[in-house]
Amino acid sequence: MSSIERLRRLGLFDARAPRYTSYPPANHFGENVGPNTVAHWLQAVPSGARVSLYLHIPYCRRLCWFCACRTQGTSTDRPLIPYLDQLRAEMAIVDANLPKDVVLSHVHLGGGTPTLLPPEMIRDLGRDIAAFRPWAEDCEFSVEIDPTEVDKPRIEALQEIGMNRASIGVQDFDPSVQECIGRIQSFEQTRDVVEMLRDSGVNSLNMDILYGLPHQDKGRMADSVQKVLSLAPDRVALYGYAHVPWMAKRQVMIPSDALPNAEERLHLFDTARRLFVWDGYREIGIDHYAREGDSMAEADRSNTLRRNFQGYTVDDSDLLIGLGASAISRYPQGFAQNHSTSSRYATAIAEGRPATVRGHAMSPEDLLRSDMIEMLMCRFELDLDELSARHGIPVVELRERVLHIPRDFPDHVEERGNRIRLTENARLVARLVAAELDQYAMPEGRHSRAL
Ligand SMILES: C=Cc1c2[nH]c(c1C)Cc1[nH]c(c(CCC(=O)O)c1C)Cc1[nH]c(c(C)c1CCC(=O)O)Cc1[nH]c(c(C)c1C=C)C2
Ligand SMILES: C[C@H]1O[C@@H](n2cnc3c(N)ncnc32)[C@H](O)[C@@H]1O
Ligand code: SF4
């Protein structure tokens with residue numbers, strides 16, 4: 001039986017599954033976590049802890065039709081000024097609860113489009129971050145860059161406030177694909193921004209690209225990937241386009257009859273991944289590629305890769321404080337998400353309390369499953385000895401819980417000693433296997449395609 005046949009037998013071509021950037025996935029968050037819980041969780045952060053910040057800028061100049069991110073369009077800077085005031089006020093609320101002697105291990109400025117902020121607002125925001133808590137010596141400061149909405153003064157301002165990594169939205173370079181997804185962006189413009197970033201000393205660049213878009217075929221995909229390779233990014237995220245128009249209303253603009261089917265998606269994915277591998281990139285997790293020497297390649301080699309709301313990360317902190325509308329925080333005790341509409345977010349902040357609207361408090365059972373799913377998504381294995389040590393559960397008991405997995409996935413999962421390992425096509429089946437460990441999995445869940 002061919003490898004495609006084995007995948008078909010698994011039902012992969014019809015399956016839908018969460019992307020497991022958290023466990024439980026964010027659509028299972030409930031209303032039992034609110035501002036008071038979050039205040040307590042902040043107060044309980046240990047002295048000296050390493051803390052990560054995620055700052056969300058939920059505005060874009062253009063609203064690309066494929067995009068499933070929480071963001072709104074604005075043609076002027078007018079909403080940005082009050083929004084930055086609210087971010088500052090939210091930082092003050094966090095500051096009042098969080099111990100003083102923690103350090104920042106990672107700051108990520110994401111969106112939306114952070115690069116639509118004018119240079120002076122970028123500098124103001126930078127001052128707020130600098131005044132919040134000291135950076136750890138090895139702190140990473142990454143920023144999401146839209147090459148069509150940035151220029152030299154903004155890059156200089158970002159570099160001045162400490163940006164040392166950048167993630168560039170590419171998606172696809174083919175003009176006919178770009179037209180179909182409402183995102184026009186020339187190769188030349190992208191190349192110029194890459195050069196500007198490198199000139200300003202940012203020498204760690206990621207690019208996001210997508211497979212599964214309308215009108216993509218193997219030839220166009222290969223062309224697009226070659227163009228990406230010519231810019232030599234240190235990392236690439238190759239995401240499968242998630243068509244979820246019931247969640248992201250603007251996706252109704254995407255012609256669904258021009259979307260590749262699951263088998264075509266597999267060929268597109270394979271075309272891209274082969275090119276990255278041929279070019280010497282290391283395959284990481286289900287959707288990342290990194291040059292040898294890049295910190296993500298190192299983290300993968302040393303089994304220290306982690307997964308959070310931004311996808312794969314080298315950030316080792318268990319504490320991620322998300323600031324801004326719709327931002328999600330992770331504490332050892334659980335998850336908390338802010339109001340997603342900017343008006344509700346603004347009202348909550350004005351009341352001087354965390355803007356939390358929902359979340360999830362973790363039970364010991366959740367913590368175990370979350371750890372197993374993260375290990376599976378990062379390493380394609382369950383190391384029962386390691387899990388046993390971390391959760392105080394005997395290996396025999398853990399084995400009992402997971403033994404059905406190699407039985408249910410005989411072609412793709414094997415048991416070797418105290419390890420349950422994904423073997424063939426691990427990056428394709430990982431989400432399906434993870435769903436086996438998901439107590440909240442809903443067969444009717446309206447998730448994106450598993451492939
Ligand atoms: C940069 C934009 C973001 C991406 N993910 C998130 C943001 C802000 C965070 C996020 N991802 C999901 C949720 C829950 C949805 C909610 O109502 O709050 C949040 C807050 C899950 C999710 N993300 C995508 C889909 C289709 C879903 C639904 C659930 C699922 O199918 O798992 C699409 C998507 N968003 C981003 C990426 C990279 C991506 C698909 C590859 C970025
Ligand atoms: C932050 C990154 O999220 C990715 N992204 C945004 N929307 C979607 C979607 N519907 N499906 C897959 N990936 C998406 C883009 O690649 C962007 O650059
Ligand atoms: S892809 Fe980026 S620029 Fe386009 S709508 Fe989404 S967040 Fe905005």
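Modeller: The shell around ligand 1 consists of 11 nonpolar, four polar and two charged residues. Please bear in mind that this is a predicted model.

Biologist: How many residues surround ligand 1, and which are the closest?

Modeller: There are 17 residues around ligand 1, and A26, A68, C69, A242 and H447 are the closest.

Biologist: What makes ligand 1 a molecule that lies between domain 1 and domain 2?

Modeller: Both domain 1 (1-28 + 364-451) and domain 2 (29-330) contribute residues to the shell around ligand 1, so ligand 1 lies between them.

Biologist: How do you know which residues of domain 1 and domain 2 count towards their contact?

Modeller: Two residues are in contact if their C-beta atoms, placed from the backbone, lie within 7 Å. The contact takes 16 residues from domain 1 and 20 residues from domain 2. On the side of domain 1 that touches domain 2, helix 12 (364-379) and helix 16 (426-436) are the elements that give two or more residues. Helix 12 gives the most, with four residues. By class, this side of domain 1 has six nonpolar, four polar and six charged residues.

Biologist: Why are helix 4 and helix 5 called roughly parallel?

Modeller: The axes of helix 4 (residues 119-132) and helix 5 (residues 152-160) cross at roughly 10 degrees and come within 9 Å. Angles under 35 degrees count as roughly parallel. Helix 4 and helix 5 are therefore roughly parallel to each other.

Biologist: Which residues make the contact of helix 4 with helix 5?

Modeller: Helix 4 supplies P119, I122, R123 and G126, while helix 5 supplies P153, R154, A157, L158 and E160. By class, five nonpolar, one polar and three charged residues make up this contact.

Biologist: What makes a residue part of the shell around ligand 2?

Modeller: The C-beta atom of the residue, placed from the backbone, must lie within 6 Å of the molecule. The residues around ligand 2 are F66, C67, A68, C69, G169, Q171, D208, L210, Y239, Y241 and A242. Strand 6 (165-171) and strand 7 (205-211) are the elements that give two or more residues to this shell. By class, the shell around ligand 2 has eight nonpolar, two polar and one charged residues.

Biologist: How does the shell around ligand 3 divide by class?

Modeller: The shell around ligand 3 divides into five nonpolar, five polar and one charged. Among the residues that surround ligand 3 are C60, C64, C67, G111, G112 and D146. Cys counts as nonpolar, Asp as charged and Gly as polar.

How values were computed. Residues are numbered from 1 along each chain as its sequence is written. Chains are lettered from A and ligands numbered from 1 in the order in which they are written. This is a predicted model: local features need pLDDT of at least 70, side-chain atom pairs count only at pLDDT 80 or more; totals for chains, interfaces and linings use all residues. Axes are lines fitted to C-alpha atoms, for helices over the stretch in contact, and angles run from 0 to 180 degrees between N-to-C directions. Angles under 35 degrees count as roughly parallel, over 145 as roughly antiparallel, 65 to 115 as roughly perpendicular and the rest as oblique. Domain bounds come from an automatic or database domain assignment.
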